[in-house]
Each structure stands twice: as structure tokens, then as C-alpha cells.
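Work through the exercises below with the sequence and the model open. Each task is followed by a solution in steps.

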Amino acid sequence: MNKELQDEINPETRLVDYYARRAPEYERIYHRPERQEDLRKLEQLVAQAFRNLDVLEIACGTGYWTQFIAKQARSILATDCNREVIDIARHKDYTPCTVSFVESDAYSLTNIEVSRLAGFSGFWWSHIAKAKLHKFINALHSKLDDRALVLLIDNRYVEGNSLPISRHDGEGNTYQMRRLADGSEYEVRKNFPTKTELTERLTPYAHDLKIEFLTYYWLARYRVTSRE
Ligand SMILES: C[S@@+](CC[C@H](N)C(=O)[O-])C[C@H]1O[C@@H](n2cnc3c(N)ncnc32)[C@H](O)[C@@H]1O
């Protein structure tokens with residue numbers, strides 16, 4: 001997409017369009033050799049976290065993490081706003097877990113009716129504007145039982161390894177320039193919270209919050225606070 005056109009489109013629409021177009025090449029990001037050790041650790045954690053639980057996954061993308069949740073979860077309702085990524089995710093093998101896919105906007109989840117025992121979202125938090133984080137957390141928690149387990153994972157910024165930050169906006173968000181295989185370029189919002197920021201952001205909504213930073217990734221695990 002050319003720069004002039006991108007400037008006219010708001011960051012939310014641009015992000016959705018970027019991931020729709022990136023869908024066929026998306027999982028290359030999981031092949032980077034230096035990240036394999038961290039990935040194996042995360043995959044194991046994700047596989048073990050949801051034993052016998054009914055999991056709601058937000059922004060599931062091509063189902064990379066869905067595969068690991070499926071190893072022990074009872075069922076997964078996996079959501080994303082892009083049909084293009086869900087079409088790829090549907091073709092993975094999740095046996096023996098029952099997995100269904102629904103197109104849904106992470107900020108509203110209006111078409112998700114059942115209440116679930118656990119929530120998961122991978123590599124979505126970093127794309128959310130800081131001013132909209134509360135909207136995502138509230139939407140997610142409104143679909144989960146009190147004390148439901150939540151696991152969030154995402155990228156850390158690693159100098160010399162992560163794509164450089166191309167811009168800061170006035171609301172504390174950062175952006176990167178991303179290039180797809182066809183040469184098209186997108187400015188994509190990508191935030192890299194510190195442990196303190198994550199703690200401050202999640203504490204009002206969380207019991208037993210545990211945040212861990214690996215070399216390339218962070219993970220936050222907690223239980224939803226009661227909504228009394
Ligand atoms: C970085 S990818 C993460 C995909 C997958 N969770 C993973 O970790 O491999 C971000 C995903 O967010 C989805 N997305 C973007 N905006 C969204 C929205 N408003 N609601 C739901 N999903 C959204 C994109 O379609 C994309 O699949």
C-alpha cells in the first residue's frame with residue numbers, strides 16, 4: 001500500500017488489513033533461530049496452563065498458539081477479526097481438543113456468548129493503543145468467569161533484533177515499519193511495555209498476577225478479579 005493511502009487510513013484499519021495480507025507468510029516469525037529456545041519454553045507453558053479448561057482465545061491469527069493450548073485444554077473458542085487468518089487456522093490439527101473459530105472484534109466480542117474458564121491472547125497486547133487497553137481487558141473479562149485464568153504473551157523489544165521503532169505518537173504508542181513479501185510497507189503500532197507498566201495496567205483486574213520476561217518475550221498470568 002502506498003504511503004499517501006496509508007496516512008488516510010486509521011491505525012486500526014491498517015493493522016487489520018496488514019494481518020489479512022500477511023496471513024500466508026505470518027508464521028515465518030516463529031522460525032527465527034535465535035528465538036527457538038524461548039519459543040519452546042512458551043509453547044510448553046501454554047500447553048500446560050490450560051489443562052481441562054474451556055479457553056477463549058483472542059486474536060488467534062493462524063492458530064500457532066491454538067495448537068499448543070489444544071494439547072491439554074478441553075475446548076477452545078478461537079477468535080480473530082480477520083477471516084484470512086482464521087481460514088489458515090482451521091486447517092491445523094487440534095485433536096483431541098474441540099476447537100471452533102469465530103470472527104470477532106477483540107474490543108467488543110459482542111458475538112461471543114458463552115462464559116469461559118480461561119482466556120489467552122498471544123501477540124495482540126502490543127498492537128493495542130494504550131488508550132484502548134482497558135476496553136480490550138473489559139471485553140475479555142466480560143466473557144470469562146470470575147477467577148478465570150488468563151495468560152497473555154507478547155514480544156519484548158530487543159535492540160539489534162527487533163525491528164526499530166519508527167515513530168512515537170502523542171499518546172505513548174510506538175510504531176514499526178513492516179514490509180511484506182510483495183514489497184508493500186505498513187506502519188504498524190507495536191508497544192513494548194515494561195514489567196512495571198504491565199503490573200500497573202493489570203493489577204486492578206487481576207489476582208495472583210505473575211509476569212515473567214524471557215529474552216525475546218514476556219508473559220503475564222493472572223486470575224480475573226470478581227466483578228462485584
Ligand atoms: C500479531 S498477530 C497474532 C496472531 C496469533 N495470536 C499469534 O500469536 O500467532 C495479531 C492478530 O490480531 C488480529 N487483529 C487485529 N485487530 C484485531 C481486532 N480488532 N480484533 C481481533 N483481532 C484483531 C490480526 O488479524 C492478527 O491475526
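**Exercise 1. Ligand contacts**

Task: Which polar side-chain atom lies 2.8 Å from an oxygen atom of the ligand?

Solution. Step 1: The residue is Asn82, with a polar side-chain atom 2.8 Å from a ligand oxygen. Such a polar contact is a pair of N or O atoms within 3.5 Å; within protein, one must be able to donate a hydrogen and the other to accept it, and residues adjacent in sequence count only if both atoms are side-chain atoms. This is a predicted model, where local features need pLDDT of at least 70, side-chain atom pairs count only at pLDDT 80 or more, and totals for chains, interfaces and linings use all residues. Residues are numbered from 1 along each chain as its sequence is written, and side-chain values use heavy atoms, with hydrogens and water left out.

Step 2: Trp65 places a side-chain N or O atom 3.4 Å from an oxygen of the ligand. The backbone contributes through Ala106, where an N or O atom is 2.8 Å from a ligand nitrogen.

Step 3: On its own the ligand has 600 Å² of accessible area, and the protein covers 97% of this (Shrake-Rupley method, 1.4 Å probe; for residues, only the protein chains shown count as cover).

Step 4: The ligand has 20 residues around it, and those that come nearest are Tyr30, Ala59, Asp80, Asn82 and Ala106 (near: a heavy atom within 4 Å). Sorted by class, the shell holds 13 nonpolar, five polar and two charged residues. In this scheme Ala, Val, Leu, Ile, Met, Phe, Trp, Tyr, Cys and Pro count as nonpolar, Asp, Glu, Lys and Arg as charged, and the others, Gly among them, as polar.

**Exercise 2. Helix α2**

Task: What caps the N-terminal end of α2, and which residues of α2 are buried?

Solution. Step 1: Helix α2 covers residues 11-22, 12 residues in total (helices are DSSP runs of H or I with at least four residues, strands runs of E with at least two, numbered from the N terminus).

Step 2: From first to last C-alpha, α2 reaches 16 Å, close to the expected 16 Å (1.5 Å times one less than the number of residues).

Step 3: The N-terminal cap is Asn10, with a side-chain oxygen 2.8 Å from the backbone nitrogen of Glu12.

Step 4: Arg14, Leu15, Tyr18, Tyr19, Ala20 and Arg22 of α2 are buried (buried means under 20% relative accessible area, exposed over 50%, partly exposed in between; 1.4 Å probe, protein chains only). An α-helix has 3.6 residues a turn, so residues three or four places apart point the same way.

**Exercise 3. Salt bridges**

Task: How many salt bridges are there, and which parts of the chain does the pair of Glu212 and Lys41 link?

Solution. Step 1: The count is 14 salt bridges (a side-chain nitrogen of Lys or Arg within 4 Å of a carboxyl oxygen of Asp or Glu).

Step 2: Lys92 and Glu27 form one of them, at 2.6 Å from N to O. This pair links distant parts of the chain, 65 residues apart: Lys92 is in the loop between α5 (83-89) and β3 (98-103), Glu27 in the loop between α2 and α3 (36-49).

Step 3: Glu212 and Lys41 meet at 3.2 Å, N to O. Here strand β9 (residues 206-213), with Glu212, is linked to helix α3, with Lys41, across 171 residues. Glu212 counts as partly exposed because its relative accessibility is 32%, and Lys41 is partly exposed at 40%.

Step 4: Between Glu187 and Arg167 the closest N and O atoms are 2.8 Å apart. The pair links strand β8 (residues 185-189) to strand β6 (residues 167-168), 20 residues apart. Glu187 is buried at 14% relative accessibility, whereas Arg167 is partly exposed at 34%.

Step 5: Glu12, Lys132 and Arg189 belong to one network of salt bridges that share partners.

**Exercise 4. Backbone geometry**

Task: Which peptide bond is cis, and what is the phi of Leu109?

Solution. Step 1: Most residues other than glycine have a negative phi, and most peptide bonds are trans.

Step 2: The bond between Thr95 and Pro96 is cis, with omega about 10°. Pro96 is in the loop between α5 and β3.

Step 3: Leu109, not a glycine, has a positive phi of about 50°. Leu109 lies in the loop between β3 and β4 (116-122) and is buried, at 0% relative accessible area.

Step 4: Arg147 also has a positive phi, near 70°. Arg147 sits in strand β5 (residues 144-155) and is partly exposed, at 46%.
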